[in-house]
Amino acid sequence: MNGSLTILILAGGFLGGVALYLRRLSAHKYVAVVEFWVYLTEPNLPALDKLISLVMREDPLAWGEPMIEPKAALLFSDVRLHVALADREKNPYAFRPDLFERHAEPSRELLERLADCKAFARIRFCSTERLSGTDHIALVTALALVVAKADEAAVVYDHSCERLVPAEEFLEAFSARQRLPDPANHTRVVWEPGSEGGRCRTIGLVKVGHRELVTPTTPADQRVLVTDVLACAVQQLWSRPDLPSMIEVELFGDSFRVQLRPSHSGPIETSILR
């Protein structure tokens, strides 16, 4: 077997495993996933006990208080929390930006940083049991911040909302404990162009157990309006355990109704009405 064929088979196995994992998750009516990959120039990751100490007692970001509230700290012992160090040699495809989710959009600087990394810390919380609140988001984000604060940290990939940023930009986004579960830092609304306009899609609502929203094909000149209205809808859905059929949004001095039509699977078809 030649080298090229071997690489293709390995890549197929890797991607097939990801696809199988996603299919299994989609079989559940409820799935909440928060996942960060912190890329490191050296394969160093503190033990979980040390990470807990940093988050709860050592105040590494100089916030003047523990990074998370006590009730969120209870999730440290939860089996749904996963923290591990992945070596580049054993996981080469996790360092291939062309295999990232399509909205990750790495810049030249980020590609150069990734080229220098030897490992990444994978920090993940996944639940198929309905969650109340955002404590799981605060915990996973706090752990990612602690790892991103290390000298070896170079890039952070928010796998759940397809966002790839320099480690220092990730740190700057969270300046206080109150910002840990802020949906503005955890979600995105992206525009997917088509031949007759485009569609808006949310990325990141999976963190609170909701399926993503997607609009029908929309004229390109309405892109900004639709994007902003959808972002307001995300803000409202973030703290709601249920999925309403309609959301009222006030924006630009006007009122909009965001109509949600869930299906058995896939994203939620979303219409915006005046």
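In which loop does glutamate 162 lie? Select glutamate 162: this residue is in the loop between strand 4 (153–158) and strand 5 (163–166). Helices (H or I, at least four residues) and strands (E, at least two) are DSSP runs, numbered from the N terminus.

The model is predicted, so local features need pLDDT of at least 70 and side-chain atom pairs count only at pLDDT 80 or more, while totals for chains, interfaces and linings use all residues. Residues are numbered from 1 along each chain as its sequence is written, and side-chain values use heavy atoms, with hydrogens and water left out.

Most residues other than glycine have a negative phi. Glutamate 162, however, has a positive phi, near 55°. Its relative accessibility is 12%, so glutamate 162 counts as buried (under 20% relative accessible area; exposed is over 50%, partly exposed in between; 1.4 Å probe, protein chains only).

Next, select phenylalanine 252, in the loop between strand 9 (246–251) and strand 10 (254–261). Phenylalanine 252 is not a glycine, yet its phi is positive, about 55°. At 56% relative accessibility, this phenylalanine counts as exposed.

Finally, display helix 2 (residues 48–58) together with helix 5 (residues 135–148). Their axes come within 10 Å and cross at roughly 105°, which makes helix 2 roughly perpendicular to helix 5 (65 to 115 degrees). Axes are lines fitted to C-alpha atoms over the stretch in contact, and angles run from 0 to 180 degrees between N-to-C directions. Select Leu51, Leu54 and Val55 of helix 2, then Ala142, Leu143, Val146 and Val147 of helix 5: these residues make the contact (heavy atoms within 4.5 Å).

Definitions and conventions:
Angles under 35 degrees count as roughly parallel, over 145 as roughly antiparallel, 65 to 115 as roughly perpendicular and the rest as oblique.
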